[in-house]
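This report looks at how the parts of one protein chain are arranged and how they meet. Please keep the sequence and the structure in view while reading.

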Amino acid sequence: MKKLIINGGRTLKGEVTVSGAKNSTVALIPASILADSPVTLEGVPDIQDVHSLLEILNEMNVKTDFDGNTLTIDPREMVSIPMPSGKIQSLRASYYFMGALLAKFGEGVVGLPGGCFLGPRPIDQHLKGFRLLGADVDNEMGAMYLKTRDSGLVGSRIYLDVVSIGATINIMLAAVRAQGRTVIENAAREPEIIDVATLLNKMGAKIRGAGTDMIRIEGVDQLTGCQHSIIPDRIEAGTYLAIAAAAGEDVLVNNVIVEHIDSLIAKLDEIGIDLDIGEDSIRVKAPSKPLQPVTIKTLPYPGFATDLQQPITPLLLLAKGESVITDTIYPKRVKHIPELERMGANIRVESDIILIEGGHPLKGAEVEASDLRAGACLINAGLIAEGQTEITGVDKILRGYSHIVEKLNDLGADVYMQEEED
């Protein structure tokens, strides 16, 4: 069992560079199998989710070459095999193979995905889209059986009942090879969707409107390999900005697309964090005035990201007064709260609303990361706490943060990984 050990109280200073976007990468990898020649992705984060996806590709006889940054995917000898269980169930992003396999082979068997549990996250909108494109979809013993009808996939008008990043991307993957035009209405607008559409268009797809709530797709017969650079990870950028604001005095966060995190920057300004914003970087300076409590409500992009409500929480513990967080995306995303209480935080949940009374110092404790972003929250808390913090559930953190221990230590933190017997 791995533990992350943090000796808190150190002031962070220096530079940190943000990796490629996890939430883009886990969709770009399944998208790449639609090509009939190799695809090269640059800026791939070296995280566990990527390695899990590569294992799945290798099971389907897809050749891959990954050096920790650049990934080449060669699907020319790919075979479609049923994947009702095993690795396919280990991460949520495996559901993108549903759309990709439907488009490439006209059929697929994909186990229902795993990943971090954040409450109910149904895939009904994905399945609705596949059915409207002309596929038969059955759920048998925890696996989805997908198959196109005799006419193949046919373009359709698809209205998403709820805004869903996963459903928007999955339907795009299936629709690029469908006959005729597909229109996705009430589509999600996240930057990662634009990134996936950009890759597909480079491969020969005809997608317009990505980044708006209406995406139009003209189906094509063939997609070819290409080279693509992944956008920076806006959630990782926000995490390091929150860490720098809580525990730093002069930290430069590099490789940032500033407009992707406008909502976070607005809240940091409101809290009283001194930011120097460059073209692709943000410098966080030591606060020159007392930090102010704020109210945060998570919303679909371009609103405040649900993935950032946990990493920013320790910063709010430093502000005197009551801060309020309402997560409208995943209201049950509150498992980090009891762990912060173990560290001395005055924090509670009432009717799925997080109430934070700041100004109470944290002390190191033994805590557990229940999910990826809860882990980021506990790391931030450990950095500002007095004494030593031990975090278990480290594998969840490694799913989404590339080389996080090295990056923190380069800033002057005292963090290390400890291996223990289960």
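The C-alpha centres of domain 1 and domain 2 are 31 Å apart. The protein chain is split into domain 1 (2-19 + 232-419) and domain 2 (22-229), with bounds that come from an automatic or database domain assignment. This is a predicted model, in which local features need pLDDT of at least 70 and side-chain atom pairs count only at pLDDT 80 or more, while totals for chains, interfaces and linings use all residues. Residues are numbered from 1 along each chain as its sequence is written, and side-chain values use heavy atoms, with hydrogens and water left out.

Contact, meaning heavy atoms within 4.5 Å, joins 21 residues of domain 1 to 16 residues of domain 2. Between them the two domains bury about 1700 Å², of which 56% is on carbon and sulfur atoms; buried area is the accessible area (1.4 Å probe) that two parts lose on being put together, summed over both. On the side of domain 1, Tyr 301, Tyr 330 and Arg 399 lose the most area to domain 2, together 37% of what that side buries.

Across this interface the rule finds 2 salt bridges, each a side-chain nitrogen of Lys or Arg within 4 Å of a carboxyl oxygen of Asp or Glu.

## Cysteines

A search of the whole structure finds 0 disulfides, a disulfide being a pair of cysteine sulfur atoms within 2.5 Å.

| Residue | Relative accessible area |
|---|---|
| Cys 226 | 15% |
| Cys 377 | 0% |

Note on methods: Buried < 20%, exposed > 50% of the residue type's maximum accessible area, 1.4 Å probe, protein only.
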